[in-house]
Amino acid sequence: MNLDRLDARLLDIMQSNNRHSSEELGAMVGLSATAVQRRLKRLRERGVIEADVSIVKPKAVGRPIAMLVLVSLERERADIVDRFKQSIRHTPEVMNGYYVTGDSDFVLIVTAQSMEDYEAFTRKFFYENPDIKGFKTMVVMDRVKTGFSVPIDADDFS
């Protein structure tokens, strides 16, 4: 999809706050509210905007512990990789999952209510899965920066 400067500017604004009205967005980028709505609809339909979400503070909902988990599979066969990807998608404790290159096959961000809760999760999710060779857990001590914003420079677009 070809994006122009107005699309880029809208996307940049929407990443930091998607609750602006069409009128407010229009004033910020120099478009009418109707033109903003059309552009946003097109960006959503074409998958440029993947989702409109609220970012919830984990501690506020009783999940104060986060871990980065490096996962290695027994073998890297397509069916095993696909099966593990599917299990990641269907496991609510896994906030983010990445299929990566390097020493590990996957990097997961996992949330838990307590270390005991995480231990129970590891038994169910990792130890009971014969496709997993091993995993390494790093406990997050402080959330320094979190989000999904992609740097967008409107000058890069025509």
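**Exercise 1. Identify the residues with the most contacts inside the largest nonpolar core, and the elements that build this core.**

Solution. The largest nonpolar core comprises 19 residues, and Phe84, Leu108 and Phe126 have the most contacts inside it. A nonpolar core is a set of buried Ala, Val, Leu, Ile, Met, Phe, Trp, Tyr and Cys residues joined through side-chain atoms within 4.5 Å. Buried means under 20% relative accessible area, exposed over 50%, and partly exposed in between (1.4 Å probe, protein chains only). Two or more residues each come from E1, helix H4 (78-89), strand E3 (106-112) and H5. E1 supplies the largest share, five residues. Helices (H or I, at least four residues) and strands (E, at least two) are DSSP runs numbered from the N terminus. Another core, of 10 residues, lies apart from this one and includes Leu11, Ile13, Leu40 and Leu43. In soluble globular proteins, nonpolar side chains tend to be buried together.

The model is predicted: local features need pLDDT of at least 70, side-chain atom pairs count only at pLDDT 80 or more, and totals for chains, interfaces and linings use all residues. Residues are numbered from 1 along each chain as its sequence is written, and side-chain values use heavy atoms, with hydrogens and water left out.

**Exercise 2. Determine which residues of H5 are buried and which elements they pack against.**

Solution. In H5, the buried residues are Tyr118, Phe121, Thr122, Phe125 and Phe126. They pack against E1, H4, strand E2 (94-99), E3 and E4. For Phe126, leaving aside neighbours within four places in sequence, the contacts (heavy atoms within 4.5 Å) are Val69, Val71, Leu108, Tyr118, Phe121, Ile132 and Phe135.

**Exercise 3. Locate Asn129, state whether it is buried or exposed, and find the backbone atom near its side chain.**

Solution. Asn129 belongs to the loop between helix H5 (115-127) and strand E4 (132-139). Its relative accessible area is 17%, so Asn129 is buried. A polar atom of its side chain lies 2.8 Å from the backbone nitrogen of Asp131.

**Exercise 4. Compare the placement of Ile55 and Ala60.**

Solution. Ala60 is in the loop between helix H3 (33-45) and strand E1 (65-73), and Ile55 also lies in the loop between H3 and E1. Ile55 is exposed because its relative accessible area is 58%; Ala60 is exposed because its value is 62%. From Ala60 to Ala27 there are 33 residues in sequence and 35 Å in space, C-alpha to C-alpha.

Notes. A polar contact is a pair of N or O atoms within 3.5 Å; within protein, one must be able to donate a hydrogen and the other to accept it, and residues adjacent in sequence count only if both atoms are side-chain atoms.
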